[in-house]
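This report describes one protein structure. It begins with a pocket, then turns to the strands and the chain as a whole.

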Amino acid sequence: MFLRCLINRHLLISLSCIAFFSVEGQEFSASGKDFWAGYGAHISMYDSLDGSVKDFGGTQSMVLYFSAVNRTNERVEIPGTGWYRDYIAKAGSVTESDPIPKKDPDDARLAREGVFNRGIHITSDEPILVYCHIYDNSISGASLIFPTTALGQDYTVLGFTQESNNDFSYSFCFIIATEDSTIVE
């Protein structure tokens with residue numbers, strides 16, 4: 001039985017890899033020049049008594065990391081607010097961004113349900129890798145951000161029953177439309 005499960009697992013992984021790499025018209029590199037990210041929910045954004053979104057932004061921070069093979073210029077902007085920062089990455093280095101704004105008028109947090117104009121746009125002159133890190137004390141999350149050229153059109157959200165030590169901790173997902181008039185089903 002164990003051997004059959006092991007073989008089935010390896011077969012499933014192999015088939016998944018074949019299906020993943022057989023799609024045409026989409027790049028699969030994590031390196032690029034154009035990226036979009038979002039400032040997802042973090043437990044520190046919410047009041048522990050009533051679950052309301054904290055006006056002062058919360059105690060969490062979100063930063064981006066850029067890894068560059070060649071020296072390059074990068075820009076991080078929130079087009080919906082006009083906020084931006086420019087960076088210069090040295091060849092073979094990692095550059096850390098300033099914390100992403102979490103208070104008005106430049107608040108980039110996606111702390112409620114709805115449609116928001118708060119996407120974080122990252123561009124560079126040369127290909128880079130982009131990582132996102134949101135953290136506060138012992139609660140942390142990190143993501144590799146895929147370039148626009150590697151984004152697909154169909155995604156499935158894997159959800160689960162929320163369990164936490166805090167009543168106002170939420171599982172979440174968000175969609176970033178990289179083109180106007182994008183339809184989401």
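## The second largest pocket

The second largest pocket has a volume of about 210 Å³. A pocket here is an open set of points on a 1 Å grid over the protein atoms alone, where a 1.4 Å probe fits and protein lies on both sides within 12 Å along at least five of seven lines. The volume is the space filled by probe spheres set on the points, which are joined across faces, edges and corners.

Residues count as lining if they have an atom within 4 Å of a point. Among those lining this pocket are Val53, Lys54, Asp55, Arg109, Leu110, Phe116 and Arg118. The lining divides into eight charged residues (Asp, Glu, Lys and Arg), four nonpolar ones (Ala, Val, Leu, Ile, Met, Phe, Trp, Tyr, Cys and Pro) and no polar ones (the others, Gly among them).

## Basis of the model

This is a predicted model, in which local features need pLDDT of at least 70 and side-chain atom pairs count only at pLDDT 80 or more, while totals for chains, interfaces and linings use all residues. Residues are numbered from 1 along each chain as its sequence is written, and side-chain values use heavy atoms, with hydrogens and water left out.

Helices (H or I, at least four residues) and strands (E, at least two) are DSSP runs, numbered from the N terminus. Two strands pair if DSSP finds at least two bridges between them.

Strand E6 spans residues 120–136 and pairs with E1 (residues 32–37) in the antiparallel sense over five bridges; in this pairing Trp36 has His121 as its partner. E2 (residues 61–68) runs antiparallel to E6 and is joined to it by eight bridges, with Phe66 opposite Val130. Four bridges join E6 to the antiparallel strand E3 (residues 72–78), where Glu74 faces Ser124.

E7 (residues 139–145) is also antiparallel to E6, with seven bridges, and Tyr135 is partnered by Ser140. E6 and E7 form a hairpin with two residues between them, and Asn137 in the turn has a positive phi of about 50°.

## The chain as a whole

Of the 185 residues in the protein chain, 31% are buried, meaning under 20% relative accessible area (1.4 Å probe, protein chains only). The chain exposes about 12,600 Å², of which carbon and sulfur atoms supply 54%; accessible areas come from the Shrake-Rupley method with a 1.4 Å probe.

Among contacts (heavy atoms within 4.5 Å) with a separation of 6 or more, 66% are between residues 24 or more positions apart.

Conventions. Buried < 20%, exposed > 50% of the residue type's maximum accessible area, 1.4 Å probe, protein only.
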